[in-house]
Amino acid sequence: MIIVMRRGATHEQVEEITDRLKQEGFSVHLSEGVEKTIVGAIGDRSRLESLALEAYPAVDKVVPILRPYKLAGREFHPEDTVIEIGPHKIGGDQVHVMAGPCAVESREQILQTARAVKAAGATILRGGAFKPRTSPYSFQGLEEKGLQLLAEARDETGLLIVTEVVDPRNVELVSNYADILQIGARNMQNFFLLREVAKTGRPVMLKRGPSATYEEWIMAAEYVMAGGNYNVMFCERGIRTFETYTRNTLDLCAVPVLKQLSHLPVVVDPSHGTGRWNLVQTMSVAAVAAGADALIVEVHPDPSKALSDGPQSLTLENFDGLMQDLRQVVKLSGRHI
Ligand code: PEP
Ligand code: MN
C-alpha cells in the first residue's frame, strides 16, 4: 500500500505514521519528493485496512499498489531515480556511455581500449572477466586477473568499471573491483545471485533475460531492492524472437515502457541487441532518442581478433564516430554526454 501524505506534512507527522506501521510489522519505505512525501508499506494488506490511517489529518490518501512490484514501480516512487557513482549520476541530464571489450583479454588490449574510449567521451569502461559463454569450449575470461586489469585501467583513466558477476560465490570478489555489478541476461532470474548482489549495496545493472517479459524483469529488480539495494538500473539487450538475421531483437519499446512502469534508469546495449557492428551506431542513436539514460557498447582494438563477440564490436575509430553522432541527438533531447 502507498500512504500519500498531505502537502506540507511535517517530519513528525510522517514519523508518526511510519512508527505506527513498523509497530504493526510492516516494512516501510519512504519517498520524500519535492512536492509530497509518500510512504510505502509492505505487509499484510488486510491489517493495513484496519489501521484506519486516513483518520490521521496529515494523511491525504491510502492507495493499494496493484502491480506485483512495489519498490521498483513508479506508483510508490513517482520521481526518477538518479544513481550516484563516484563523480557521475546515472538517470539525470547526462547520458552515459559505457564502452569496452566483451572480454578483458590482455593488459595491452584493455588499456588501449580504455584510453581510446575515454578520449572519445565514454565515462564507464566495460569488460568481462567472468564470461558466461554458450559453449564450455569458448574463452571463459581471465577471472581475477581480468578484474585487476580493469582496476589498473580505472586508475589510469578515471573511468568507472562495469563488469559481470556470474556466480554468487564471486560476488564479494567482483564487488571489490567493480563500480557497477552487471547481472547478465542468462542470470536475470538467478534469485540467489540477485540476493547476493543486493547485500553489497553496489549499483547493479540488470540485463533483460532473452525471453523475459517486462514484468518478470521488473520483479528481478524488485528482488535486489527488497534486499535493501535501491541502486538498480535496467539494461535492454535484445530478446529472442523468430528473426535470425540479427543476433537478438533489440526491443527499444522497453525504454518508454520501463520509464512508465518504473523510476529506475534504463540502459540500452545495441551490441548484443543486434550482434552486428554496422547496426550499432543507428540503434544507439535511436535508443538515446527513445530516452535511454545510458548505452553499453562493445569496442575492441581489433574486432577480427577478439576472443568473444568480435562481429558486434566497434573499432576504436568507429566508436569515436558514434560518440560524435550521439552528441548531436543528445543535445536535441535537452541532455548532454
Ligand atoms: C556481455 O555483456 O558481454 C554479455 C554476456 O551480455 P548478455 O548477458 O546481455 O548476453
Ligand atoms: Mn559480449
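The model is predicted. Its strands include a closed barrel of eight, β7 to β14, with parallel pairing, and an open sheet of four with antiparallel pairing. A manganese ion (ligand 2) is held by Cys102, His272, Glu298 and Asp309.

**The barrel**

- The strands of the closed barrel follow the order β7-β8-β9-β10-β11-β12-β13-β14. Neighbouring strands of this sheet are turned against each other by 25 degrees on average, with direction ignored.
- One of the pairings joins strand β9 (residues 160–164) to strand β10 (residues 180–183), in the parallel sense and over three bridges. Within it, Val162 has Ile180 of β10 as its bridge partner.
- Helix α6 (residues 191–200) packs on the sheet and touches β10 and β11 (204–207). The direction of α6 makes about 175 degrees with that of β10.
- Helix α8 (residues 254–261) also packs on the sheet, where it touches β12 (232–236) and β13 (266–268). Its direction makes about 170 degrees with that of β13.

**The manganese site**

- The donor atoms are SG of Cys102, NE2 of His272, OE of Glu298 and OD of Asp309, and they coordinate the manganese ion (ligand 2) at 2.0 to 2.3 Å.
- Along the sequence, the donor residues have the spacing C-x169-H-x25-E-x10-D.
- Cys102 sits in the loop between β7 (96–100) and α3 (107–120), while Glu298 belongs to strand β14 (residues 294–298); the pair therefore ties together parts that lie 196 residues apart in sequence.
- Cys102 is buried, at a relative accessible area of 3%. Glu298 is buried too, with a value of 1%.

**Helix α8**

- Helix α8 is mostly covered, with six of its eight residues buried.
- These buried residues are Ala254, Val255, Val257, Leu258, Lys259 and Leu261. A lysine is thus on the list, because Lys259 falls under the 20% limit for a buried residue.
- The cover over the buried residues of α8 includes α7 (214–226), β12 and β13.

**Arg74**

- Arg74 is placed in the loop between β4 and β5 (83–85).
- Its relative accessibility is 19%, and Arg74 counts as buried because the limit is under 20%.
- The side chain of Arg74 reaches two backbone oxygens: that of Pro78 at 2.7 Å, and that of Lys259, which lies 2.6 Å from a polar atom of the side chain.
- Leaving aside residues up to four places away in sequence, Arg74 touches Glu79, Asp80, Lys259, Gln260, Leu261, Ser262 and His263. Among these, Lys259 and Leu261 are also buried residues of α8.

**The open sheet**

- The four strands of the open sheet are ordered β2-β3-β1-β4, with antiparallel pairing.
- At the edges are β2 (27–32) and β4 (59–63), each of which pairs on one side only.
- From one strand to the next, the twist averages 20 degrees.
- β2 pairs with strand β3 (residues 37–42) in the antiparallel sense over six bridges. In this pairing, Glu32 stands opposite Thr37 of β3.

Notes
Residues numbered from 1 in each chain as written. Chains lettered and ligands numbered in written order. Predicted model: local features only at pLDDT ≥ 70, side-chain atom pairs only at ≥ 80, totals over all residues. Heavy atoms only, no water. Pairing = 2+ DSSP bridges. Helix = DSSP H or I, 4+ residues; strand = E, 2+ residues; numbered from the N terminus. Axes fitted to C-alpha atoms, helices over the stretch in contact; angles between N-to-C directions. Contact = heavy atoms within 4.5 Å. Donors = N, O, S within 2.8 Å, 3.2 Å for Na, K, Ca; no water. Buried < 20%, exposed > 50% of the residue type's maximum accessible area, 1.4 Å probe, protein only. Polar contact = N/O pair within 3.5 Å; in protein donor to acceptor, adjacent residues only side chain to side chain.
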